[in-house]
Structure formats: C-alpha cells, structure tokens
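Hello,

Here is the structure we talked about. Please open it alongside these notes.

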Amino acid sequence: MRTVIEGGWVVAWNGRGHEVHEQGSVVFEGDRVVHAGGPHAGPADRRISARGKLVSPGFINTHVHTAGNGGDYLLLDMAKNDYRTANYMAFAAPLKGKMAPPPAEAVAAIRAFVFLHALRNGTTTIIDVGGLRGDWDGYARLVDDLGVRVYGGPPFRDRDTYMDAQGRLTYEEDVAVGRARLQEAVDFGRKLDGAAGGRLRALFNAAQVETCTESLLRAGKDAARAQGAPIHTHAGGNLVEFQRIIEEYRKTPVRFLADIGFLDERTLLGHVVFTTAHGWSRYPFGDDLAVLAERGSTVGHCPYKYAKMAMTLRSFQRYLEAGVTLALGTDTFPLDIVSELRWASILAKTTDGNYQAGQHRDVFNAATLGGCRFLHRDDLGRLAPGAKADILLIDLDHLGAGMYADPIKALVDAGSGRDVHTVIVDGKTLVQDGRLTRMDEAGVYAKAREATRHYWGNVASWRWDGAGVERIVPPAFPLHRATPGG
Ligand SMILES: [Zn+2]
C-alpha cells in the first residue's frame, strides 16, 4: 500500500543533511519511505493531509528507563530533600533486603506506560537503558503488540548498591551474580534480537560505570561485539561515581572506559556531564572530549533532567565543536523529546553566555541523526528513499502556538510533545489526532498510576531513614488529599 503525506513542511534528507520543503510530501510503501521532498504526483492508495504540520523523522530517545517506578525515578529527581541522593551526587538505594520487586502485572503496566508515553510525545526509537528485570518474553510481546521500536535488554552489574541504617551508600560486589546477569543479556540477544518484526533489537546494558567491575565491563563489551550489538553504560553522571572511578583507577570515567576498550562507535554513554570539561570535577589532566571524539562514542545528553539539578553539560557547544557525537534523551519525566530540543538549545546558550550556541539545527540533528551512529542505522532519523517509515506529524498551526516563518525554529522554540498529532512507526499509524490507535489510553494510564501509587506507598519501608514520599518530596502547597469514602 502506497501512502502519501502531503501539504506540510517536510524535513527531507538530501544525503548529507536535513532540508525543509514547504508543501512537500512523503511517500511510503509498507515500512519504507520511497519519496521525501517536494510534491509527489504519482498514484496513492491513501492520502494524509499534513497542512499546518511539520512532517519530521521520528526522534530517537537515547535515555528511557522502563523501570518507571524503580529506584527513586518518579520521586522527581532533584526536588528531593536529600542532599546525599540528590542524583547529581549519587542515586538512592534501599536498605538491604527491604525492597521487594514489584509484582509482574505492575512491571508490565509500567513498561507499557513508559513505551507509550514516550511514543505519544514524539519518540519513535526508544533506547531502554535499564528497567525492571524479568519476563523478557513478555517484554518482546509488549513491543510487538504496541508497535514501538525498541533497543533494550537485561541490565547487568556486579556491584549492587544499598544504604545502611545511617544512610551510607555501600557497594556490594558479587562477580558471579554479574556474570549470570550478563549471560541473561547474551541469551536475550540470541533469542530476541530482531523480534517484533525487527522492531526489537538487542542493546547491552552495563548499568553504571562504577557498579560494574572492570572485568564485567570488558566481558560485556566483548559480548556486545560478538553479537554486533550496541552497548550502553551511565558514565560521568554523578560526582560520587566520578570520584569512585578516580579512586579505583586514578582516571576519569571516560579515560578509564577508553583504556579498557569499552569506547568505540557502537558505545552510548548516558549523561557524561562530569568530565575534564566540567568545572565541578576540578580535574585538570587530559581531555575527555577529545577522547570521546576520537573513539566515536555517543553521548546521550538529557538536558532537562540535569537542569532540574541546577546543572548541565559544559557545554553542548563545546562537545559539538570537539567533534563529540551528541544525541538527546529524556531520562526523567515527562519523556517529552520535543521539549528536550528546547532545553538543549537554551541551556547551551546560557551555559556559554552565547546566544549563537545551541543552534536549532544542531539540537534537531542530535535528536535524529545523533542516535543513529551507535545503532549503526542509516535508515532511521531521516526521511529519504529507503529509510524506515518512522514519521511524525507535529501540529504547528494552532492558537496555542506562535506565528512562525521557519517550522524547525517554531518546533524548538515553542513545541512540546503534546503537539505531536500523528506517529507512524514502521509504516503503521500508532498515534492519530494525538491519541493511541491500538490501546485504550485511559486504561494504560490508570494501571500505571495504580502501580506507581503502590510503589510510593512503600517508599518508607525501604528508606534508611523511614521517610515517606511527602517528606522526601514535599508538595508545593499544603495539600489536602481526599480521604477514601469521605
Ligand atoms: Zn539513566
């Protein structure tokens, strides 16, 4: 079946870069684009009007955790009254043995919500950088049912983290457990890479640079290489991690990963905020950005998440000019990749004190082409003959938006995930008129909300200090909750 999307602002790929065509068209057959650019005169089985809309390649979101309720992820990160687990310092960890894994139906509810929430907001390729464990066949079925494109797999590490009764973060090493988890990832890749009609692909997930021993990182990279799969780890994400790596190896996380052969073109690193380029590191030796550029690894930049913690990359522009491949991710809620374009752009400007930094072009490239390099995909993040039909129609002409001359600038300056009107993945329309086509949205949301409520209700039982959610993240105003039945 041949579908023509016509009448909108089409972002087409010319082989070297994106170009925008007013009243352009995109034509696709099955899961592949056959034309992108100017008007198309040929016959069509179906015509979709994109009048007043941007027709964009789907965005690649390099930082999605399908453990929507795991750890302290939904506790709004940095609004917490807890310096030591403020996330730019370290992450929260439970008292040992006190945090029970959520029931299987809660895991499924959260996974579905996270996938669809990201999709609804403009993400067509989800990079799952670590979520709740277990039921990987169910995970693959979910990807199949929902129609989303996902790179993921079981995360592995051999140092689990706990708090003791005084709130001290401890790392407990168990090499055998790490090996078993890596084996789980290897098995996942063997069995499920290419499942869901090719939309599920294996990604190796070495959880965090400091929660994996050097030997596990090496083994993980070897296993990823053997399967021809990409690998991810969090690095330069918080100050405790940065210092722990310095302490253990007398090197920065980036230098250490480069020296053990972990960094190459197939490697994605989450955050990479604390490097030799960041003032808080106060580390005057070497040049991490040059190392990243030379190895060709990709930085998954999550601007809003870090802005909430009163910080950012130093800086988007500096990384770019050093030749580092930058991609965008959301990490925190909302998983609104459209808004991340604006955060990346604005923070680049304020960080450098230079309004020429963080150009619209560069942040749009980061959200599309940036994610393709470590995936080794030249058929994603662009609209051209042969590319996957992963397409967004984003509403630009409405009273809530501004007047504009350039639709890309309008998108970056004023767009949000809620402006996403249509989402097509692999040629299938998954969102239409801003609503899911395959699922009952209200049902997905209600189940996830229930799972989250249950999780929040249990926080005090695993926190070292017994604090509940309202003490850790107080409401903005005194909040009078409804009493059940009252
Ligand atoms: Zn993360």
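Arginine 295 and glutamate 294 form a salt bridge, with 3.6 Å between the closest N and O atoms. The model is predicted. Arginine 295 has a relative accessible area of 25%, so it counts as partly exposed. Glutamate 294 reaches 58% and is therefore exposed. Elsewhere, shared partners in salt bridges tie Asp31, Arg149, Lys388, Asp390 and Asp426 into one network.

The count of salt bridges comes to 33.

Arginine 181 meets aspartate 160 at 3.1 Å, N to O. This pair links distant parts of the chain, 21 residues apart. Arginine 181 sits in helix H3 (residues 175-192), aspartate 160 in strand E10 (residues 159-163). Both residues, arginine 181 and aspartate 160, are buried.

Arginine 225 meets aspartate 264 at 3.6 Å, N to O. Here too the pair links distant parts of the chain, 39 residues apart. Arginine 225 belongs to helix H4 (residues 214-227). Aspartate 264 lies in the loop between helix H6 (253-259) and strand E15 (267-271). With a relative accessible area of 45%, arginine 225 is partly exposed.

Now the metal site. Which protein donors does the zinc ion have? They are His63, His65 and His234, each through NE2, at 2.0 to 2.1 Å. Along the chain their spacing reads H-x1-H-x168-H. Histidine 63 has a relative accessible area of 0%, so it is buried. Histidine 65, at 14%, is buried because the cut-off is under 20%.

Best regards

Technical notes: Residues numbered from 1 in each chain as written. Predicted model: local features only at pLDDT ≥ 70, side-chain atom pairs only at ≥ 80, totals over all residues. Heavy atoms only, no water. Donors = N, O, S within 2.8 Å, 3.2 Å for Na, K, Ca; no water. Buried < 20%, exposed > 50% of the residue type's maximum accessible area, 1.4 Å probe, protein only. Salt bridge = Lys/Arg side-chain N within 4 Å of Asp/Glu carboxyl O. Helix = DSSP H or I, 4+ residues; strand = E, 2+ residues; numbered from the N terminus.
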